[in-house]
Amino acid sequence: MPRPPASPDGASFKGRLLVVDDEPANRSLIIDSLRGEGYYIAEAADGLEAFEQMAAKPFDVIILDLEMPGMGGFEVLERMKERRSLRNIPVVIVSGWNDMDSIIHGIRAGAMDHLGKPFNPLLLRSRIDACLERKRWHDQEQAYLDQIREERHKVEQLILNILPAPIAARLQQGETTIADNFSEVTVLFADIVGFTDLSATVPPAEIVSILNEVFTSFDHLAELHGLEKIKTIGDCYMAVSGLPEPRADHAVAAARMALDIQAEIRRFNEDLNLSLQMRVGIHSGPVVAGIIGKNKFIYDLWGDTVNLASRMESHGQPGLIQVTEATFERIKGQFTPKARGSV
C-alpha cells in the first residue's frame with residue numbers, strides 16, 4: 001500500500017515534488033532525506049504512474065530514476081518534452097547510471113541536473129531548491145506573457161469593433177495612410193423619426209438605453225446581411241454594402257437589411273409600447289473609404305454616393321425605404337418598389 005504523501009505545514013511550503021523510482025527503498029531514502037524541508041512529496045513506482053500523478057495535480061520538480069521496467073527515465077523525459085503542460089517542469093535525475101554518456105543523454109533529453117547513487121542529501125536539496133527557483137521565475141514570466149497576450153487580445157478586439165477586419169490588419173501591419181476607391185457599393189442611412197422631440201421628454205439614461213438597444217439590433221442585422229457598419233450620428237445609423245470586400249449583390253443585401261430594420265423597429269415598438277418610425281435611404285455608386293485621424297480615428301466614406309444616400313433618408317417618408325434609380329436598377333426583379341415621383 002503506498003504511503004500518504006509527505007506534506008509540510010503551509011507556512012514553510014516550498015513546492016510540490018514527485019519522486020519516480022521503481023525501488024521502494026530508493027523512494028523512501030529520497031523522501032526521508034527531504035522530509036521536514038517544506039516540500040509536498042508524492043511518489044510513483046514507474047513512468048506510467050508518474051504521468052497519472054502529473055495529470056492529476058501540478059508538480060514543481062520531478063526526481064527521476066533512469067532504470068525502470070516498462071517506461072524508463074529517458075522515455076519519461078522524451079514524453080514530458082512532447083507535452084506543453086509538462087515540458088517546463090524541472091527534472092533532477094537520481095540514478096545509478098553515472099557514466100558520462102548517460103549524464104549527457106539525460107541532460108539533452110530535458111533534465112536539469114544529474115546526481116549519482118548513493119546521493120548526498122544536502123546536494124539533492126540544493127539542486128531541488130535551484131530548480132524550484134528557476135520554476136518560479138519561469139511561472140512568473142509565463143504569467144506576465146499570458147497577461148500581455150490577454151491585453152493584446154483585448155486591444156485587437158477593440159480595434160475590430162472600430163474597424164473592418166481587413167483594414168485593422170493593414171493598420172497593424174504598419175500602413176499609416178489607408179484610402180481606397182470602390183466603384184460599386186451601396187450606402188444605407190436609417191434615421192429615427194421624431195427622436196429629438198422624444199429626447200426632450202425622456203430622461204437621458206433612458207434615451208441612451210433606447211438608442212443602444214435599437215442600434216445594437218441593427219448591428220446584428222448588419223452582421224447577418226454582410227454590411228459594414230460605419231457609424232452612428234445621433235439617432236442616425238449608417239452602413240455600407242460592398243466594402244471592404246467587394247460583392248456583386250451589394251444593393252440586394254442593403255435592401256434586405258433595410259426591410260429588416262423596419263420590421264425590427266415595429267417589434268421594438270410592440271415590446272416597449274413606443275411609436276418610433278424609421279426613414280431609410282439607399283443609394284448605389286462609387287465611394288472613397290479610409291481612416292481619418294490619429295486620435296479617436298474612424299473608418300469613413302466620402303463621395304456623392306454618400307451624400308445622395310443621406311438625402312434619400314432625410315427626404316424620405318416615415319416607415320418607408322427610399323432608393324435612387326441607381327439602386328433600383330440593381331435590385332429590380334427581386335423587389336417591387338413603387339415610384340414616388342419627383343422630389
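Predicted model: local features only at pLDDT ≥ 70, side-chain atom pairs only at ≥ 80, totals over all residues.

Residues are numbered from 1 along each chain as its sequence is written, and side-chain values use heavy atoms, leaving out hydrogens and water.

**Exercise 1.** Work out the strand order of the open sheet and find its edge strands.

Step one: the order is β2-β1-β3-β4-β5, with parallel pairing (strands are DSSP E runs of at least two residues, helices H or I runs of at least four, numbered from the N terminus; a pair needs at least two DSSP bridges).
Step two: β2 (39–44) and β5 (113–116) each pair on one side only, which puts them at the edges.
Step three: zoom in on β3 (residues 61–64) and β4 (residues 91–95), joined by three bridges; L64 stands opposite I93 in β4.

**Exercise 2.** Describe how α1 packs against α5.

Step one: α1 (residues 24–34) and α5 (residues 121–162) meet at about 75°, axes 10 Å apart (axes are fitted to C-alpha atoms, over the stretch in contact for helices, and angles run from 0 to 180 degrees between N-to-C directions).
Step two: that makes α1 roughly perpendicular to α5 (65 to 115 degrees).
Step three: I30, S33 and L34 of α1 touch P121, L124, R125 and I128 of α5 (heavy atoms within 4.5 Å).

**Exercise 3.** Is C131 buried or exposed?

C131 has 2% relative accessibility, so it counts as buried (under 20%; exposed is over 50%, partly exposed in between, with a 1.4 Å probe and protein chains only).

Definitions and conventions. Parallel < 35°, antiparallel > 145°, perpendicular 65-115°, else oblique.
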